[in-house]
Structure formats: C-alpha cells, structure tokens
Amino acid sequence: MRKLPLGIQSFTKIIENDCIYIDKTKHIYELIQENNLFFARPRRFGKSLLCSTLKELFSGKRELFKDLWIEKNTDYQWPIHPVIHIDLSLVARSNAEILTASLMRYLDDIAELYEIDPLQHTTPGETLKKLVIRLFKKFGSKNRVVIIIDEYDKPILDNIENIELAKQMRNILKEFYEFVKGLDDFLRFVFITGVTRISKTSIFSGTNQLTNISMDPKFAHLVGYTKEEIDVYFKQHLQDVAHKKKMSPVSGVKELSQTLGLWYNGYRFWKDQQELTRDIEGKDLARVYAPFSILNFLFTADLSNYWFESGTPSFLIKNLEQNCFPVESFNNLTANMNELLTFDLTDIPLPTLLFQTGYVTIKKHIVDQNYELEIPNYEVRDSLFKSILAVITKHKTSTISSHLRNIRSTLENGKIEDFISNVKEFYTNIPYTIAIDKEKYYQSIFFLLLQVIKLKPAVETATNIGRIDLTVETEKNFYIFEFKLNGSAEEALNQILTMKYYEPYKNCGKKIKLIGINFSSKAKNITDYLFQDFN
C-alpha cells in the first residue's frame, strides 16, 4: 500500500518517496497553454503542491512524471526553463523593512542556485528584474523564464488586524508585482496563487494583467479531491480503515465514503456556465473535498475537524466579533461575482470574507452573476459555530461540548423543562461583563447552541403576518420559539398563538410544541418560560 502524502507539499518528494499522487496533470497541461494566471483557493487546498508540480514540469524533469497523464497522453517536449519559485509563506514579514530584505535574500538564493552573479540590492522589484534578465540571457529566448509565486497575499493577511501595517505590506508587494508585469518579453509563464484577490495590489490592473482563473469551471478540479479520485487513489486506505473499525470490506467502505462526504465534501468555487459546468454525460461538475482533512482521516481513522483546526485565521473570528455579523444568516448568504472575487482591506463584506477563507461555498447560481452561498460540510459548520459561540460567550471551545451534552437528547425527547434547565446553565457561565442587553444577543447564542448539537434551526422565518423568532425540528418534534427581553414568557407564547405561527407546519407529521421564553437583561439569563403542545 502506497504511503499517504501527509504534510508533503513537494511534488518531487511525493514521487521519490512512492507516496500517492492524485494525477492532476491533465488539468495542469491545459493550464500551461496559458501565460499569466492568478488562482485563489482557501488554505491547505493543494496550491503549494500545484506550484511545486509546475516548477518541476517547467524544469524539464520528465522522469518525475513517468506514467502520469501528461507524459502518456501529450506531445509535451519537456524544455528546461529557469524557474523563479517564491513561496511568500517562507518570507520573513513582521514589518515592512524585514519583508523587503527577506524578499531580496530569497532572490539571491535563486540566483545562486542558477549560478548567477550576486545581485545588486535596491528594491525587491528591481532585484527581480535583474534576476529575470540574467536568466533570460543565460537560457535564451526559447527557454524563457517562469515565475511562480505561492501565497502572494500571506504578508498582507498575516497583518490584517493591523490595517496600517497590512497597507505597508501591500505597498511593498504592489511595487514587486508591477515589475512582474513589466517583464513580459522575458517570461514564458507566470502563475500566482493566494487565498484572496486583494484590491489595490497592482497585479490585477494595468497592461499584461493576470487572468483570474479562480472561478473558471475548466480548472474546478485543479486542486482539491473529488469523490471519484478518493475512491480510486485511496481505495486500499479506505479498506484498511474499514478493517480497523471492524466494518465489512464492501459495505463498510461505502459507508465510510458517505460519511466522508458529509464531513469534508461540498466545496464549489466555479461560476455557472452551462456549457462548461457539465461533463460529457450532462452531470454537474463534482464538488471537491478538503485534501488536508481526507489525508488526516485516512492516517488516523478518526473523524475530526482537521482543516479548521489546522489554522483558523484569527482575523476571521475577530472580524466576525467586531462587526457583529448575524451568525444566523450564514446559511442564507448571497453575493455577486465581484464580491466573491475581491475584497478591500478596510471594507470586507461578510460573504466575501467567508467565501475566500473557505467557510462558505457556492450553493447555486441565482441569476446573472449572483450566487447563493452555504456552509459546505459538517466539519466547517461544527467548528465555525463553536468558535463563534466561544468568542461571544467567552467559553472555552473545549468546554462547550460538556455543557451541551444533554441538550440534544432533552429536545429530541420533548423534555422541555430539562432542556431549558441545561440552556440556563450555559447562560449562567457567561461572564457578567460581556452579556449584551439586546434580544438578538441571547437569540444568537440560542441559535448557536442548536447548531453545535447538530440540529438545523431556522430564524426569522416569515409567515403571512409576521416572523417567527426560531424553529427547529427533531425526529419526533417540531418546535416554535418566540423570545422576549425584559418582557414575559406569557407575552411570547401569546404572540405565537395570536399570529398563528403554527399554521404552515400543521401537516408536518410531527408533534408541534410552542415555547415562549423571556430573557432578563438584569439576570443575564432566562427568567421564565411557558410551553404548550399544539393539537
């Protein structure tokens, strides 16, 4: 059984160590027919491995591609190009001066690798220009220079909580990328990756601008794993996990495949083009799995939130906290194409922030260039809501599960008194200093509690004469909640009855339970509640 490429981002290392490589060279062959490209994906989706693969391909290392699609099915001639491969996650970036110096040292190392005389340091852009021209002179016009820049936005995003420093980083990189555009006569191919398309960074404007292929259906599967790829390339590993779990070799693997789909599948980054988003059988392009989570699951045989826990951007959670974004809307977001592709450092819309960092994905195309978004899978839903709940309540994420242990079972079994008791205990442990005297604050926590116990609450559901605060259903019961702050539970329950919020659900086939809850801004908790069954 071939080894898993866990933690390996080097194409050469994967091949030489006989690790599994999911053959993406058919997509890569189409990629290299172009010239100047930008490609955005969330972290840990395979961008660095893609860059490494391109580096070895343009370096003419045909032996590494033996038996892969590009070697067997094309007439590619394997010319040797000088490759300037820069990974900005490896560049020092604590302040502007350090970034500038580190970039030039990085270029010095590449010059030394190609036995180029030491470069004169002026600015990173000027130094890059000197290196490109010298490499062009050494290798000739038939073997033009290739530039690959991975994680181009890393110095900016790492400092995004300090806007002034982030702008300084952006300005340094702006000058650097302007030189890339000006070197077109010497270049065969330019490929730049990142998490987001940050506005005012220069590489997306002016002459010789990069083509943004991030939403191009042709490159939908350039990174990430499809279900078919997992079933084919990791077949033996899936069988091994089934064996460890004492599952049937056949039905067990099928069950594992379905479970992995719920936990890790669901990402769609491509726009809707009828002629391009269908395969030859007319099916939709397959959504992709987070590779990091799949590899870790196959290695440990345990389901866990691997991708989320590998480095949740603190700026994301802090941004959610500072801007008081309504967490209840995360499953009902919409955005146009421009919002999905770009954000400004000083004004990041919620859909843009969540989409570009991988916490929501495209659900479906609505009309024109507008899209409906959704949380892609269970891993993201569970982790994201737990993290937000921890932030707004100051609970530790590790302790949230212990507080919620009995909440789901009491709700499923219709034990409303016990359910309310458990919820009140959770509110009791929120520090007095952070509770906010707004109904929305208490309602958001209530919503998040239900989310993290794997239910799917709906908020602000519109009826013909009003809006229901919250509904949620279990296997046997359908609950309608109305909340009041500094009012009374009687008032809340009467609103449900008077507005006939139960009408749309009378034929749902489950027991309907109506619950009025009052929160007190003084007690910072539920002070009274009333409930009744709807007959």
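F531 is partly exposed, its relative accessible area being 33%, where buried denotes under 20% relative accessible area, exposed over 50%, and partly exposed the range in between, computed with a 1.4 Å probe on protein chains only. The structure is a predicted model, in which local features need pLDDT of at least 70 and side-chain atom pairs count only at pLDDT 80 or more, while totals for chains, interfaces and linings use all residues. Residues are numbered from 1 along each chain as its sequence is written, and side-chain values use heavy atoms, with hydrogens and water left out.

Y529 is likewise partly exposed, at a relative accessible area of 27%. Rings of Phe, Tyr and Trp (its six-membered ring) are taken to pair if their centres lie within 6.5 Å, with planes under 30 degrees apart counted as stacked, over 60 as edge-to-face and the rest as tilted; by this rule there are 39 aromatic pairs. The rings of Y529 and F531 form a stacked pair, because their centres are 6.4 Å apart and their planes stand at 10°. Ring pairs also join F419, Y427, Y441, Y442, F446, Y479, F481, F483 and F519 into a cluster.

Strands are DSSP runs (E, at least two residues) numbered from the N terminus, and two of them pair if DSSP finds at least two bridges between them. Five strands make up an open sheet of mixed pairing, in the order β11-β12-β13-β14-β15, with β11 (458-462) and β15 (525-534) as the edge strands, each pairing on one side only. Within this sheet, β13 (residues 477-485) and β14 (residues 511-520) pair in the parallel sense over nine bridges, and F483 stands opposite I517 in β14.

Methods
Helix = DSSP H or I, 4+ residues; strand = E, 2+ residues; numbered from the N terminus.
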